[in-house]
Amino acid sequence: MSATDTTQDLSQLQDTFREGLEAHGWFLPTLGNGVIGLGPQAEDVVQGIAAAARKVAARLSPDAGTRRLRFPPVNGTRLLERTDYVASFPQLLGTISAFEGDNKAHRKLLATYEEHGDWSAQLTPAGHALVPAVCHPLYAYLEGSQVDGSVFELVGECYRHEPSPDPMRFVTFRMFEAVCLGTPQEAREHREKWLEAGTNLLSSLGLEVQADTANDPFFGRAGKLLSAGQREAQLKFEILTEVYPGHPTAIASANLHEDHFGEAFSMHTADGAVAHSACFGFGLERVALALAMRHGFDTAAWPATVRQELGLP
Amino acid sequence: MDSTAIETTVRSVLGQHGKLSEDAGTIAADADLYRAGMTSHASVNVMLGLEDEFDIEFPEERLTKATFTSINSITEAVEAINND
């Protein structure tokens, strides 16, 4: 089979899967390219995975439940600068614009709109940006503080500007994250512990998964250097499953940031050293879709153990 | 440009962008720069700074941690690219 055949084969598998998800009410259309609504069965599964993840957190990091924080999907544009996101992933970010004009500007806006022109080009940056990773607002919140290896639990929306025909790739999606800030050893242990527990949870749901080293899609030539460094130091692991046979897709990841965020947000440990951090995240929609591919679109027909684990009605 | 001159410029770029905990002017030429405090993001700025100073472009196969690991390794890479 040639490479072209494999690509055609893959896009056919993606089309078939998307059509199935639409036909069975898992995917609901929206007007946004790559933006998908979820039907009741899909949403039950997403909620079930988040609940199962919270149970893992209660076992691994008993205090995490007392540090369950919520940050909205929008933050200040400054956040993208402080996390180096603008430098590392400009291709994925999104900012918000708003109308701040007067009556005259409004007339111009309406005229453009009536001519079916791009009225949005007349808006002004609002100073707000969409959050690309659920843990980023946490670091800004903890800025300047002393951390002690505590684990924080977060669920929220992420935005990545990468519309794709692959139903596994969402422009906006939810992530469950368990984030540890502390000494280098505490961060590393958190990553190891969660990588194992996350793999076990996904296996117990009937998925065939494996963990592998990975790199983030850093932008451009500078990104090549960052990707190579990340892989070499084994900072990122992904848990992969073959939603499409022969094509592994990441459904969870375990990341060591070393002192990147500790440095950027002046966080330190009791000994005065710059804090290290690590996060583990489940892509909630991706896990749900992997389960649909594995067990079918009718959750009532899923194995009893899986239904029980996810608390499905 | 001989290797001494290249090394001097490399040290100056490291001083500006390397975030080293030691003096870039006196750190041993074979010292591990990452151990001396250069973060991966700092290494990107070092790379871009070197490209500007020497008017070169690091080829993709040289965009690795190994290239930027010490003053010696950087100097060697710059010389090799100049000779290409």
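# Cores, helix packing and chain dimensions

Q: Which residues have the most contacts inside the largest nonpolar core?
A: The model is predicted. Its largest nonpolar core has 77 residues, and A:Ile49, A:Val179, A:Leu202, A:Val287 and A:Ala288 are those with the most contacts inside it.

Q: What does A:Ile49 touch, apart from its neighbours within four places in sequence?
A: A:Ile49 is in contact with A:Phe282, A:Leu284, A:Val287, A:Ala288 and A:Leu310. A separate, second core has 23 residues, among them A:Leu225, A:Leu226, B:Leu14 and B:Leu50.

Q: What describes the packing of helix α2 and helix α10 of chain A?
A: Two packed helices are described by the angle between their axes and the distance between the axes. For α2 (residues 40-60) and α10 (residues 284-295) of chain A, the angle is about 115 degrees and the axes are 9 Å apart. The crossing of α2(A) and α10(A) is right-handed.

Q: Which residues make the contact between α2(A) and α10(A)?
A: From α2(A) come A:Ala42, A:Val45, A:Val46, A:Ile49 and A:Ala50. From α10(A) come A:Leu284, A:Glu285, A:Val287, A:Ala288 and A:Leu291.

Q: What is the make-up of this helix contact by residue class?
A: The contact of α2(A) with α10(A) has 9 nonpolar residues, no polar residues and 1 charged residue. A:Glu285 is part of the contact, and Glu counts as charged by class.

Q: Why is A:Ile36 called buried?
A: A residue is buried if 20 or more other C-beta atoms lie within 10 Å of its own. A:Ile36 has 20 C-beta neighbours inside 10 Å, so A:Ile36 counts as buried. The residue is found in the loop between β1 (27-28) and β2 (37-38) of chain A. Not counting residues up to four places away in sequence, A:Ile36 touches A:Phe27, A:Leu28, A:Thr30 and A:Phe170.

Q: Why is A:Ser266 called exposed?
A: A:Ser266 has 12, so A:Ser266 is exposed. This residue lies in the loop between α9 (260-264) and β12 (276-283) of chain A. A:Ser266 also has a positive phi, near 50 degrees, in a residue other than glycine.

Q: Why is chain A called as compact as a globular protein of its length?
A: For 313 residues the globule rule gives 20 Å, and the radius of gyration of chain A is 21 Å, close to that value, so the description applies. Chain A has 11 helices and 12 strands. Its C-alpha atoms fill a box of roughly 60 × 55 × 45 Å along the principal axes. Of its 313 residues, 38% count as buried.

Q: How do you know that chain B agrees with a compact globule?
A: With 84 residues, such a globule would have a radius of gyration near 12 Å; chain B has 11 Å, so the two agree. The elements of chain B run α-α-α from the N terminus on, with 3 helices and 0 strands. The C-alpha trace of chain B spans about 35 × 25 × 20 Å along its principal axes, and buried residues make up 33% of the chain.

Q: What share of the contacts in each chain joins residues 24 or more positions apart?
A: Among contacts with a separation of 6 or more, the share is 71% in chain A and 55% in chain B.

Q: Why is B:Ala5 called exposed?
A: B:Ala5 has 10 C-beta neighbours inside 10 Å, so B:Ala5 counts as exposed under the limit of 12 or fewer. B:Ala5 lies in helix α1 (residues 3-17) of chain B. From B:Thr75, B:Ala5 is 70 residues away in sequence and 9.6 Å away in space, C-alpha to C-alpha.

Q: How many residues of each chain take part in the contact between chain B and chain A?
A: In the predicted model, 11 residues of chain B are in contact with 10 residues of chain A. On the side of chain B that touches chain A, the residues divide into 4 nonpolar, 5 polar and 2 charged.

Key. Residues are numbered from 1 along each chain as its sequence is written. Chains are lettered from A and ligands numbered from 1 in the order in which they are written. This is a predicted model: local features need pLDDT of at least 70, side-chain atom pairs count only at pLDDT 80 or more; totals for chains, interfaces and linings use all residues. Axes are lines fitted to C-alpha atoms, for helices over the stretch in contact, and angles run from 0 to 180 degrees between N-to-C directions. Helices (H or I, at least four residues) and strands (E, at least two) are DSSP runs, numbered from the N terminus. A crossing is left-handed if the near helix is turned anticlockwise from the far one by less than a right angle, and right-handed if clockwise. Two residues are in contact if their C-beta atoms, placed from the backbone, lie within 7 Å. The radius of gyration is taken over C-alpha atoms; the globule rule is 2.2 Å times the number of residues to the power 0.38. A nonpolar core is a set of buried Ala, Val, Leu, Ile, Met, Phe, Trp, Tyr and Cys residues joined through C-beta atoms within 7 Å.
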